[in-house]
Amino acid sequence: MKKHPLKVGLAVLAVLAVLFFLVTYITSTLGSGGGLFDNRIALIKIEGVIIDSTETIEELRRYKDNSGIKAIILRINSPGGGVVPSQEIYEEVKKIREEGKKKVVVSMGTVAASGGYYIASASNRIVANPGTLTGSIGVIMELANVEGLFKKIGVESVVIKSGRNKDVGSPFRQMLPEERATLQRLMDDVHTQFIQAVAAGRGLAEDRVRVLADGSVFTGREAKELGLVDEIGNFQDTVRITADIVGIEGEPRIVESRKRGSFLDLLRNEFLGSLPSMRLPETGVSIKYLLAF
């Protein structure tokens with residue numbers, strides 16, 4: 001059978017391309033746990049409003065089980081976000097800490113507040129810049145009421161429900177006192193969960209955390225004085241501190257996974273994440289660990 005040089009050449013190029021990307025992937029994210037890979041620290045970034053936990057948890061689990069990774073740095077630059085994704089990431093960090101195989105160190109950026117601080121409190125150590133905005137230990141729920149507007153434009157809302165509390169938080173009518181009490185009960189419970197998580201993660205008494213848990217925002221320097229963070233320093237300081245903790249000699253190598261995401265994800269994080277006060281009105285009940293200004 002006669003071989004076609006062009007086909008053979010393309011096949012060889014394809015094989016070489018696959019080998020190149022395979023080797024690049026192995027050397028950047030997997031490693032073999034010895035020699036060349038003894039100085040590797042994984043970097044995971046949590047940026048913008050926290051809406052979903054899936055990708056961050058996948059990264060945490062991948063690095064946790066990688067013997068070539070000596071520690072994990074969480075770089076948090078977030079005003080917080082949803083209660084559940086914040087709690088899910090917190091629990092994953094807590095599991096890694098409790099297993100003791102990997103150290104997780106947090107480096108705080110411009111802001112690491114509310115849900116961002118919730119996650120940070122589960123780590124082995126927290127490093128903040130002196131001007132970092134952090135804390136904001138609290139819960140917020142924002143509901144719109146458009147009843148007056150609808151009356152002005154002659155629009156009537158018709159609601160059919162199966163139970164008296166099914167439309168609690170409806171934007172189309174005034175909230176009843178008993179409904180407000182119900183929502184406040186939910187808020188208080190989620191707030192207590194936040195306080196308990198911080199107390200457990202930071203090794204502080206719940207009463208001590210509760211005093212600080214009025215939604216107040218602190219600078220990194222203030223947070224250190226209050227025991228909410230451990231060190232003052234930038235990202236480079238965090239790398240050095242992490243290397244010292246795990247016994248890396250010389251300059252550690254930082255390993256970071258490529259982020260998956262769409263252009264819409266980028267716009268969402270850049271716009272909503274950097275301007276947390278500019279959010280669309282809520283049309284339903286939503287509880288958040290989110291910096292509110």
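Mentor: In this predicted model, a residue is called buried when its relative accessible area is under 20%.

Trainee: Why is S136 called buried?

Mentor: S136 has a relative accessible area of 6%. The cut-off is under 20%, so S136 counts as buried.

Trainee: Where is S136 found, and what is its phi?

Mentor: S136 is in the loop between β6 (133–135) and β7 (140–141). Its phi is positive, about 55 degrees, although S136 is not a glycine.

Trainee: What makes S114 buried rather than exposed?

Mentor: The relative accessibility of S114 is 0%. Buried means under 20%, therefore S114 counts as buried. S114 lies in the loop between β4 (103–113) and α4 (115–120), and its phi is near 50 degrees, a positive value in a residue other than glycine.

Trainee: How do you know that S78 is buried?

Mentor: S78 has a relative accessible area of 0%. Because the limit is under 20%, S78 is classed as buried. S78 belongs to strand β2 (residues 71–78).

Trainee: What makes the pair S78 and G48 a polar contact?

Mentor: A polar atom of the S78 side chain lies 2.7 Å from the backbone oxygen of G48. The cut-off for such a pair is within 3.5 Å, and 2.7 Å meets that distance limit.

Trainee: Which residues is S78 in contact with, leaving aside its neighbours within four places in sequence?

Mentor: They are I46, G48, I50, V111, A112, A113 and G116. Each has heavy atoms within 4.5 Å of S78, as the term contact requires.

Trainee: Why is strand β1 described as mostly covered?

Mentor: Strand β1 spans residues 40–47, and six of its eight residues are buried. The term buried is again tied to a relative accessible area under 20%.

Trainee: How do you know that β1 pairs with β2?

Mentor: Pairing needs at least two bridges. Seven bridges join β1 to β2, so the pair qualifies. The two strands run parallel, and I46 stands opposite I76 in β2.

Trainee: What about β1 and β10?

Mentor: Four bridges join β1 to strand β10 (residues 253–256). With at least two required, these strands therefore pair as well. They run parallel, and the bridge partner of A42 in β10 is V255.

Trainee: Which elements make a β-α-β unit with β1, and what is its handedness?

Mentor: Helix α2 (residues 54–64) and β2 complete the unit, which is right-handed.

Trainee: How many helices and strands does the protein have?

Mentor: The protein has ten helices and eleven strands. Buried residues make up 38% of its 293 residues.

Definitions and conventions:
Residues numbered from 1 in each chain as written. Predicted model: local features only at pLDDT ≥ 70, side-chain atom pairs only at ≥ 80, totals over all residues. Heavy atoms only, no water. Buried < 20%, exposed > 50% of the residue type's maximum accessible area, 1.4 Å probe, protein only. Polar contact = N/O pair within 3.5 Å; in protein donor to acceptor, adjacent residues only side chain to side chain. Right-handed = clockwise from strand over helix to strand, strands pointing away.
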